[in-house]
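These are my notebook entries on one structure, written as I went from one feature to the next.

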Amino acid sequence: MNLELQGVEDTGNIERERVVMKATKDVDIGGFAIFKGRKTSDNGVASGPVPAAFWLPDKKIKAGDFVVLYTKSGTTSEKVGTSGATSYFFYWGYKEPQWKGQMAVLVRTTSWEFTAV
C-alpha cells in the first residue's frame with residue numbers, strides 16, 4: 001500500500017487522540033478507510049461487525065506526507081512542516097475517546113458498490 005498506518009497516539013485523551021498515517025509514495029488517499037476494529041486477546045483484530053469506519057476524502061498527497069485523523073471534532077486543515085512534508089488533518093467528530101481496547105485497521109478500497117436505503 002502507498003499509505004502506511006503509523007499508529008494510534010494519545011489514546012484516552014480526546015484532545016489529542018489520533019490515528020497517524022504516512023504516504024510511502026504519491027497517492028490519492030480517497031482510496032483508503034480506517035476501520036475501528038475490536039481487539040482480540042492476542043492483539044489481533046476480531047472478525048465480524050466493524051464498530052465504525054472513516055473513509056478518507058479524495059486528495060492527492062506526496063510521498064513522505066502525513067495523514068492525521070483526530071477522534072474529536074474539528075476543521076479539516078493542512079500544514080507544511082519544517083522537513084517540507086505536509087500533514088493533513090481530518091476529524092472523526094466523536095465527543096469521547098474511542099481507541100482504548102480497539103485496533104485501527106487501514107483498508108485500501110479498490111472498488112465498491114452502494115445502494116441508497
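**Entry 1: aromatic rings**

I began with the rule for ring pairs: rings of Phe, Tyr and Trp (its six-membered ring) pair if their centres lie within 6.5 Å, and planes under 30 degrees apart count as stacked, over 60 as edge-to-face and the rest as tilted. The model I looked at is predicted, so local features need pLDDT of at least 70 and side-chain atom pairs count only at pLDDT 80 or more, while totals for chains, interfaces and linings use all residues. I also noted that residues are numbered from 1 along each chain as its sequence is written, and that side-chain values use heavy atoms, with hydrogens and water left out.

Which residues do ring pairs link into a cluster? I found F54, W92, Y94 and W99 joined in this way. The count of aromatic pairs by this rule comes to six. Y70 lies in strand β7 (residues 66-70) and F89 in strand β9 (residues 86-91), so the pair ties together parts that are 19 residues apart in sequence. Here I needed the rule for strands, which are DSSP runs of E with at least two residues, numbered from the N terminus (helices are runs of H or I with at least four).

Are Y70 and F89 buried or exposed? I used these cut-offs: buried means under 20% relative accessible area, exposed over 50%, and partly exposed in between, with a 1.4 Å probe and protein chains only. Y70 is buried at 16%, and F89 also counts as buried, at 17%.

**Entry 2: charges over rings**

Next I looked for a charge over a ring, which requires NZ of Lys or CZ of Arg within 6 Å of the ring centre and within 35 degrees of the ring normal. The charged end of K36 sits over the ring of Y94, 5.4 Å from its centre. The ring of Y70 has the charged end of K72 over it, 5.3 Å from the ring centre.

**Entry 3: salt bridges**

How many salt bridges does the structure hold? I noted four, where a salt bridge is a side-chain nitrogen of Lys or Arg within 4 Å of a carboxyl oxygen of Asp or Glu.

K59 and E78 meet through their side chains in a salt bridge, with 3.5 Å from N to O. K59 is in the loop between β5 (52-55) and β6 (60-61) and E78 is in strand β8, so the parts tied together here are 19 residues apart in sequence. K59 is partly exposed at 29% relative accessible area, and E78 is partly exposed at 48%.

D10 and R16 form a salt bridge with their closest N and O atoms 3.2 Å apart, and a network of salt bridges links D10, R16 and R18. D10 is in the loop between β1 and β2, and its phi is near 55°, a positive value in a residue other than glycine. I wrote beside this that most residues other than glycine have a negative phi.

**Entry 4: strands side by side**

I then followed the strand pairs, where two strands pair if DSSP finds at least two bridges between them. β1 and β2 run antiparallel and are joined by six bridges, with K22 in β2 as the bridge partner of E4. β2 also runs antiparallel to β7, with five bridges between them, and K22 stands opposite F66 in β7. Five of the six residues of β2 are buried, so I described this strand as largely enclosed by the rest of the structure.

Strand β8 (residues 77-80) pairs with β9 in the antiparallel sense over four bridges, and S87 in β9 is the bridge partner of K79. β8 and β9 form a hairpin with five residues between them, and G84 in the turn has a positive phi of about 95°.
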